[in-house]
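Here are my notes on the model, written as numbered points. Have a look through them with the viewer open.

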Amino acid sequence: MLQYLLKRILIFIPTLLVISLLAFGLSKIAPGDPVELKLRGFGPDQQNLANAERIYRETADFLGLNKPVFYVGLTSAAYPDTLYNILRRDHRENLSKLIAQYGNWKPISDYYQQLLKMNYTLQEVSARQESNTFRSVRSSLQQLFLSHADVRITSLLEEAETQALQDSSLQAALLGPIRELRSSYETIKTEARPDLLYLPDLKWYGLDNQYHNWLTGFLQLDFGISYYDSRPVADKMKDALFWTVLINGIAILLAYMLSIPLGVFSAIWKGSVFDRASTIVLFILYSLPSFWIGTMLLVFFTTPEYGMDWFPSIGLGNLPPEASFWSRFWETASHLGLPVFCLAYGALAFISRQMRGGMLNVIRQDYIRTAWAKGLSSRAVIWKHAFRNSLFPIITMFANIFPAVFAGSVAIEVIFNIPGMGKLTIDAINQRDWPVVYTVLMLSAILTMAGILIADVLYAWADPRVSYSRNKR
Amino acid sequence: MLIGVKKEKDTAEGIARRQAMGQSYRAIVRRQFRKNRMAVWSLRLLYLLLFIALTADFIANERPLYCKIDGETHFPIFKQYAVSLGLSSWEARFFQKGWREHDYDKVIWAPIPYSATTIDRRNNNYKAPGSEQDVDSARFRHWLGTDQLGRDVAAGMISGTRIAMLVGVVSMSIAALIGIFFGALAGYFGDDRFQASRIGLVLNILGILASIFYGFTARAYAFSEGTFSVELLKSLGITVAIMALMNLLARALKRIPSLGKPVTLPLDIMVMRLIEVISSIPGLLLVLSIVAVIEHSSIFSVMAIIGLIRWTGIARFIRAELLRIRSLEYIEAAQALGFSEWRIIFRHAIPNALTPVLITIAFGVASAILLEAFLSFLSVGVPPEQVTWGSLLRLARSQASAWWLAVFPGFAIFITVTIFNLLGEGLTDALDPRLRN
């Protein structure tokens, strides 16, 4: 048994690695710049470039985004292995598009340095002069940071030059740098090395990379910091987990309490009116999408103003005075009624169908016939002999309950605006708050696997015929 | 006399043959299925839904089916297909005015004279089905009401039917293709039967790495500039070419004894591990995060992702079936005849394993439709202008007084999901040998 357990836990490792790679890969493909997301609101002022760059670099350092992405990288030989040092994602992507066209990093890097220098020159000029001509020159030059097509770059450079020529003061300050920029762009084209693009190159970045840092942090239960509001992910999840566990706990408890007798009796009285009616009703309940029922309940049983935004989501930790506690309790209860119902009815239908099936299988067995023949009371036969042995499907369902509670019912929490795990996850996905998404994905995968493992162990414990140690698996 | 006897024998044989045919596995399943009234009705309803999905353009369309203007006859709905294929273009007059504003000599409108995206400004801001509507005649009433912009809910329901059916069919086809392939590999070859030469293995691994590089990494720029589907096809072409080259090379080099030494690959364990990994990923969360990441995602990317994640059930079924089938005599006979392994798998083994897979596919379609509806309900991934059942249901959340936006689309989702669940149950019962007779 112990060997079996160890073997199963060892299988966790590759699974978790795959999931972590998936989540991490997704976050890197996802559009948007986390640093920009973090800086939103108090973004650096455009007037002071040095300051803006410093803030950007510090934020990137803080988020750990100044490191290479992964241990290894398979790119073509044209790409430098230090491209990750260019912190701004849009610049980096634009540069790699230039490399993909011309294949020569050296002149491209020179061109980029020229562009950065040009940006400082522009800032100096803007301190002295703010004419319309200057503004249009500046805008065409700044668009160069995000342009990679030859036609576009050439036309932008030409435009800047002709406009700078119109103004004598601009001509003195900017014409030289613009011409330099043009010549360095021409160098890129003349010294193109497209052959390098077809030469594969495996780069090794070492252990100090973003993935490694995140994963080791995760294993030490340090889930990182939210990109969105800079709170530790663990804190955010703790708050959300309370509500999710609360509503799911009540719902599952209710569902089990109702569905076990329902399933047992409809199996015993198979073919009776009760059985047929309950089977049909349960089947309908099972097929009713919970997000529809939730919406319907919201539309019909609440006012349009109904919502839980004003509801204290901090939890019940800070104990209010006695009266206030009860009023708060009733308020909570009245607000949780509908979501708990929505979560419970689906589980109810599912569990009682399983229970009925399990019971039906058992009732057919010979030993039940023997029990009846011995003249045992129906109570003893049903609850002592049949019921115990029909619990297996219920046990296996435990596997589904863990992840369900954890990920929460996304639909219900979104509809009823409950700040639980489901809503947290959806919000995190929409806000591209990747540390939260990673953590939720990883933890729910762990819980899914743990649930399956626990179900298997319980199965063996409940049924001595199931043995994992001798079974070759 | 003799002739007569022979004839009699013939007919007796014929009857026996027909009886034997009547007892064929599929026939038994079909007969067993027909006994289940609910399942049969579900099948009929499914045909109806498929019919609506196929003819959606003719049921709800702002263009007339047929019209006559100034002596010219037009069939605008048919023409719409030609125009979207680039074979034809609209006459100037149809650009200048809306479809309803022309002076037709004769006109036949579609049963619902609105498209899902038609905005009826006179009836915007949530007109209820029974309420007073600003329409020319009862022919143009919005029988199921309108939404805030004035879009017809009935037309939206029709377009939603098409989307739902499309999601079910496309995503489950993708899932079935992947699932059948992997399941067949695992089930037929098991852990002991798949043998490859050393050089073949090495070259195939090299080939995969090379196709990743030349097909995708080196072409990242082409992907970002060109049309995604065209570039994907090109990349797949490169992949196929590289793999074919590597395998040809392997075939040639296999002759050298030290390189041609066979290696056994435990395919069953490999595939089962893969399935285990994929099924312990929380599916909904993964789909949500993938869909949210894709820029310009369309309904088709949603379908593809659902298909890529939901194939494990199908693979498990096929594997179990093929583990049984592979030791049957007719497979041995086929092997003895010298048929290639792939021919045996695809021509002989898989066709006999497909019937039970229908169960997983039926349930899979139900869950795919539900998932897509949920995604559009959350407005994740599906473009905002696309009208689906889920997106209609979402509108109900912002306007609680518009009950018709909550009731009709939700009911449609419910009915469709129920149909597929009932079909799945019916198939399960029909395939269960214990319930026969």
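1. A:I250 is partly exposed, because 18 other C-beta atoms lie within 10 Å. The cut-offs behind that word: a residue is buried if 20 or more other C-beta atoms lie within 10 Å of its own, exposed if 12 or fewer, and partly exposed in between, with C-beta atoms placed from the backbone. You'll find A:I250 in helix α10 (residues 233-268) of chain A.

2. Some bookkeeping before going on. This is a predicted model, where local features need pLDDT of at least 70 and side-chain atom pairs count only at pLDDT 80 or more, while totals for chains, interfaces and linings use all residues. Residues are numbered from 1 along each chain as its sequence is written, and chains are lettered from A, ligands numbered from 1, in the order in which they are written.

3. Chain A overall: 19 helices and two strands. Helices here are DSSP runs of H or I with at least four residues, strands are runs of E with at least two, and both are numbered from the N terminus. Of the 473 residues of chain A, 32% count as buried. Taking contacts in chain A with a separation of 6 or more, 76% come from residues 24 or more positions apart; a contact means that two C-beta atoms, placed from the backbone, lie within 7 Å.

4. Back to α10(A), and its packing on helix α11 (residues 273-287) of chain A: the angle is about 130° and the axes are 8 Å apart. Axes are lines fitted to C-alpha atoms, for helices over the stretch in contact, and angles run from 0 to 180 degrees between N-to-C directions. The two helices are therefore oblique to each other; under 35 degrees counts as roughly parallel, over 145 as roughly antiparallel, 65 to 115 as roughly perpendicular and the rest as oblique. Their crossing is left-handed, a label used if the near helix is turned anticlockwise from the far one by less than a right angle, with right-handed for clockwise. α10(A) brings A:L262, A:F265 and A:S266 to the contact, and α11(A) brings A:F274, A:D275, A:S278 and A:T279. By class that is three nonpolar, three polar and one charged, where Ala, Val, Leu, Ile, Met, Phe, Trp, Tyr, Cys and Pro count as nonpolar, Asp, Glu, Lys and Arg as charged, and the others, Gly among them, as polar.

5. Two backbone spots to check. A:R432 is not a glycine, yet has a positive phi of about 55°. It sits in the loop between α18 (421-430) and α19 (434-462) of chain A. A:R432 counts as buried because it has 20 C-beta neighbours inside 10 Å. In chain B, B:D70 has a positive phi near 45°, again in a residue other than glycine. B:D70 lies in the loop between β1 (64-69) and β2 (72-74) of chain B, and with 9 C-beta neighbours inside 10 Å it counts as exposed.

6. Now the helices of chain B. The axes of α17 (residues 341-377) and α18 (residues 389-398) of chain B come within 7 Å and cross at roughly 40°, which makes α17(B) oblique to α18(B). The crossing is right-handed. Residues in the contact include B:F374 and B:F377 of α17(B) and B:W389 and B:L393 of α18(B). The class count is six nonpolar, three polar and two charged residues.

7. How do α18(B) and α19(B) pack? Their angle is about 150° and their axes are 8 Å apart, which makes α18(B) roughly antiparallel to α19(B). This crossing is left-handed. Among the contact residues are B:W389 and B:L392 of α18(B), with B:P409 and B:I413 of α19(B). The contact has ten nonpolar residues, one polar and no charged.

8. Last, the interface: 38 residues of chain B are in contact with 44 residues of chain A. Elements giving two or more residues to the chain B side include α17, α18 and α19 (403-431) of chain B. That side has 27 nonpolar, eight polar and three charged residues.
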